[in-house]
Amino acid sequence: MNYDLIVIGSGPGGYVAACKGAQMGMKTAVVERENLGGICLNWGCIPTKALLKSAQVFNYVNHAANYGVTAQPVEADITAMVQRSRGVAETMSKGVQFLLKKNNVDVIMGTAKVLPEHKVAVTDAEGNETIYEAPHIILATGSRSRVMPSMPQDGKHIIGYREALTLPFKPKKMVVCGSGAIGSEFAFFYQSIGVEVTLVEFMPQILPNEDEDTAAQISRSFRKMGMKVMASSSVEKVDIDGDICHVTIKDCKKDKEIVVDCDVVLSAVGVVTNLEGLGLEEVGIQSERGRILVDKYYQTNVPGYYAIGDIVPGAALAHVASAEAICCVEHIGGEEPKLVNYNNIPGCTFVTPEVASVGMTEKKAVEAGKEILVGKFFFKASGKATAAGNTDGFIKMIIDKNTDEILGAHMCGDNVTDMIAEIVAARENGLTAKQVAGAIHPHPTMSEAVMEAIEAAYGKAIHG
């Protein structure tokens, strides 16, 4: 069975690549072994945000009196929250199915393995193998939760993100190991609904890829909720006694160990790529440290075989995979695609207050030898934030003193995951900080803080 393009994996990289290929006139098929939409839609970004929305509503109702609303005592029904989350994931997966059908993409369910001579072997659920052929094959197989030797996952006491999305009960206590976006979001969710959470991070700050000021703000917010936050710490071992987990945590600064008892340990220490059994060795496709090596158009060392998303070097983010997919397929189709700008990738963490950033942190800008201006505007001075009842957070702008270039933006507050796009677009199109500040921002909005933070960098802020 012949195609012009075969895509292996239907996550945000794979299904976008398949749809784009079909739109460009290629006879296209996508191979998926589990759920259309991949991890992001089914077990990652989307269902996680559904749970976080439930937590937000729960928090609003608990603090309804602050808004002049009288409400009866409420309870967090984790079963109902999980059911809603799974329903959202199912809806989005059906949406991907619709998009593929709309674009006349053939969906092949099964486990794929690449073969030499531009062939793909797909084994279905019954064990039957079918060979497909295409001059262009894109690998987009994504990643899964990393398992640490000190925390072997059993799916019950020590879990990964999948189990965290579908816990059948509300634990009394939980230890979350790893404070990146996944760990921090789950720690926030479970603490919000009444679980006693201990968040453990090996690096000196939680959210280790974010600016120090952002990490400090979220750490304060978490502690204000009652969460125990332990940075510069590591989980050494987990001893399970019946239904109790005895977690030995080492405080690396004090060189001291403590034992924390809990019902569940969530391991959120990163991901590992899905390359096993893919046939890379047989075809001769080169990889290094678990990532497939590609050129700027995502071509591997073997002509006709491409790779995108989590399995190639770069940030393991859904929007990055989608951008790589478009670049890759447009190149295959003979166009001159816009290359992915890896220096302008936004990152978002959906805790409360939200976190969003792009570009350099203040520390990295200084280390790079930049002469910088730093401007901050705190939401406690924002009319919109004050009216909304949540003034935690700020906007922080890192600006090149000599060129007015926006080197980085770091946002912490309500709705900042939507606001960061303004700075991403500005940086992508070469707008300077003063040009961004010169554009009229509507009042009263959270976005005014961007303008105010830039003005603050030049000592001209009026409201800050």
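Is Cys40 buried or exposed at 11% relative accessibility? Cys40 counts as buried, because its relative accessibility is 11% and buried means under 20% relative accessible area, with exposed over 50% and partly exposed in between (1.4 Å probe, protein chains only). The model is predicted, so local features need pLDDT of at least 70 and side-chain atom pairs count only at pLDDT 80 or more, while totals for chains, interfaces and linings use all residues. Residues are numbered from 1 along each chain as its sequence is written, and side-chain values use heavy atoms, with hydrogens and water left out.

**Cysteines**

A disulfide is a covalent bond between the sulfur atoms of two cysteines. Here a disulfide is taken as a pair of cysteine sulfur atoms within 2.5 Å, and the structure holds one. Cys40 and Cys45 form this link, with their sulfur atoms 2.5 Å apart, and the angle of -130 degrees about the S-S bond makes the link of Cys40 and Cys45 left-handed. Cys45 counts as partly exposed, at 30% relative accessibility. Cys262 is in no disulfide, and the nearest cysteine sulfur, that of Cys245, is 4.7 Å away. Cys412 is likewise in no disulfide, and for Cys412 the nearest cysteine sulfur is that of Cys348, 12 Å away.

| Residue | Relative accessibility | Class |
|---|---|---|
| Cys40 | 11% | buried |
| Cys45 | 30% | partly exposed |
| Cys262 | 2% | buried |
| Cys412 | 0% | buried |

Helices (H or I, at least four residues) and strands (E, at least two) are DSSP runs, numbered from the N terminus. Strand E22 (residues 354-359) is largely enclosed by the rest of the structure, because five of its six residues are buried. Two strands pair if DSSP finds at least two bridges between them. On this basis E22 runs antiparallel to strand E21 (residues 347-349), to which three bridges join it, and E21 and E22 form a hairpin with four residues between them. E22 also runs antiparallel to strand E25 (residues 406-413), with six bridges joining the two.

Val355 lies in strand E22 and counts as buried at 0% relative accessibility. Thr349 stands opposite Val355, and Val355 stands opposite Cys412 in E25. Leaving aside neighbours within four places in sequence, Val355 is in contact (heavy atoms within 4.5 Å) with residues including Leu207, Ile218, Cys348, Thr349, Cys412 and Val416. Val355 and Leu266, which are 89 residues apart in sequence, are 22 Å apart in space, C-alpha to C-alpha.

**Helix H14**

Helix H14 (residues 448-457) is mostly covered, with eight of its ten residues buried; among them are Glu448, Val450, Met451, Glu452 and Ile454. The buried residues of H14 pack against strand E23 (372-378), strand E24 (394-400), E25, helix H12 (416-428) and helix H13 (433-438). After H14 comes Gly459, which has a positive phi near 70 degrees.

**A nonpolar surface patch**

Val57, Tyr60, Val61, Tyr67, Val69 and Val74 form a nonpolar patch on the surface, with about 470 Å² of accessible area together. Patches are made of residues with over 30% relative accessible area and no salt bridge, like charges being joined within 9 Å and nonpolar side chains (Val, Leu, Ile, Met, Phe, Trp, Tyr) within 5 Å; a salt bridge is a side-chain nitrogen of Lys or Arg within 4 Å of a carboxyl oxygen of Asp or Glu. Accessible areas come from the Shrake-Rupley method with a 1.4 Å probe, and for residues only the protein chains shown count as cover. Val57 is found in helix H3 (residues 45-62) and is partly exposed, with a relative accessible area of 43%.
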